[in-house]
Amino acid sequence: MSSITLTSGASFDCPPGTSLLDAAATSSITLPYSCKTGRCSTCKCRVVSGTSKLLQPEMGLSESEKQAGWILSCVRTAESAMTLEAETLAGVTLPAVRNLPCRVSTLERVARDVLRVRLRLPPTADFTFLPGQYVDITGPAGISRSYSLASASVQNKTLELHIRAVPGGLMSQYWFEQAQPNDLLRLKGPLGSFFLRPAADRDIVLLATGTGIAPIKAILESLPGLDTSERPRSVTLLWGGRSETDLYMDLRPMLLPTVRYIPVLSRSDASWTGARGHVQDAFLAEPAPLDNIVVYACGSEAMIKSASEAFQARGLSPGRFHSDAFVCSATPTPNAGSAT
Ligand SMILES: Cc1cc2nc3c(=O)[nH]c(=O)nc-3n(C[C@H](O)[C@H](O)[C@H](O)COP(=O)(O)OP(=O)(O)OC[C@H]3O[C@@H](n4cnc5c(N)ncnc54)[C@H](O)[C@@H]3O)c2cc1C
Ligand code: FES
């Protein structure tokens, strides 16, 4: 058992073979996380002292980040007493994670490669979530994949998912070729730490590509219910796709009048009169200062990576860039070794 101290002052014990992330959770310390498979880098933290050991490959870190002492807490265990610099979600109580059966209620093709799926929970299910979180769904063949909640009606026990077809994907094949209303699935969740932090007086920038709009939609839907003292000072939403059909739903009717919405296309034809390029570049092209903004980005790994680099190059601190990368959620083959 190794003793772990966070620079914020909290401490916990890490048993051999248990990830630092899970060991912290056992001691009721919530560190940020998303994929839990070493890909998305949401759980990135810096080693101040001590040594750790890999449980799975750290695919979400660059060589220079590894050299600078960064590790991914979801795929590393401690080898000695350690001191870590990590964001903690102190003061946030995450809803309890449930394992529940659920049934497909409706399947609606909203774009050539996107399905809107509604799932029905049992009438007695006790399920709540923080807008932005995701669930793991296990399909009939026992394959499990992560999907963000686009919306959830606790009263009606229904959950909304937006699912993009990944060519050759195992779960995509189920959703797009086999799924039928009333199919029985299993759900684990809510999961992840992608949700709106206290935002009073902040200028919030929401970036989404493709089905990355799902958790952003849930966050947008939650804004009217926030106490006025908790509401952001301003909200700018940028949703990007290649062509107009990638922006598969009309968001305008659900937006508060104070939300500024900028659709962005990267491969539009001449008829498109809106913003062009990538969502992060469309925002950063404006001369507005970044000192009061907090960014929430969701969608492709490529967008998250370049957005994070672009905002940091303009001086935004990493603590004000929250993201949920839709990395491949299949579990990689364990590969122990490599201490630092
Ligand atoms: C936290 C989280 C939330 C997610 N939320 C959503 C969501 O709301 N909507 C949604 O559509 N997807 C979401 N995803 C992605 C989803 O979980 C699956 O990984 C994806 O749908 C592919 O699953 P599959 O079984 O069809 O493909 P797989 O059988 O897992 O993969 C097939 C092939 O495609 C590649 N691949 C897999 N996933 C991706 C990807 N995302 N991008 C590019 N290549 C890939 C694999 O490397 C493999 O070669 C989320 C992922 C995470 C980690
Ligand atoms: S890399 Fe650790 S949660 Fe994604």
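I will go through the overall form of this protein chain and then turn to the surroundings of its ligand.

Please keep in mind throughout that what we have here is a predicted model. To begin with the chain as a whole, the protein contains six helices and 21 strands, and its C-alpha atoms fill a box of roughly 60 × 50 × 40 Å when that box is taken along the principal axes. Buried residues account for 40% of the 340 residues in the chain. If we consider contacts between residues at least 6 apart in sequence, 71% of them join residues at least 24 apart.

Now to the ligand. Which residues are the closest to ligand 1? There are 25 residues surrounding ligand 1, and the closest of them are Ser146, Gly169, Met171, Ser172 and Cys328. The elements that contribute two or more residues to this shell are the strands β11, at 144–148, and β13, at 158–164, together with the helix α3, at 170–178. Of the elements, β11 gives the most, with four residues.

Looking at it by domain, the shell draws at least three residues from domain 2, which covers 98–191, and at least three from domain 3, which covers 203–325.

Notes
Residues numbered from 1 in each chain as written. Chains lettered and ligands numbered in written order. Predicted model: local features only at pLDDT ≥ 70, side-chain atom pairs only at ≥ 80, totals over all residues. Near = placed C-beta within 6 Å. Domains from an automatic or database assignment. Buried ≥ 20, exposed ≤ 12 C-beta atoms within 10 Å, placed from the backbone. Contact = placed C-beta atoms within 7 Å.
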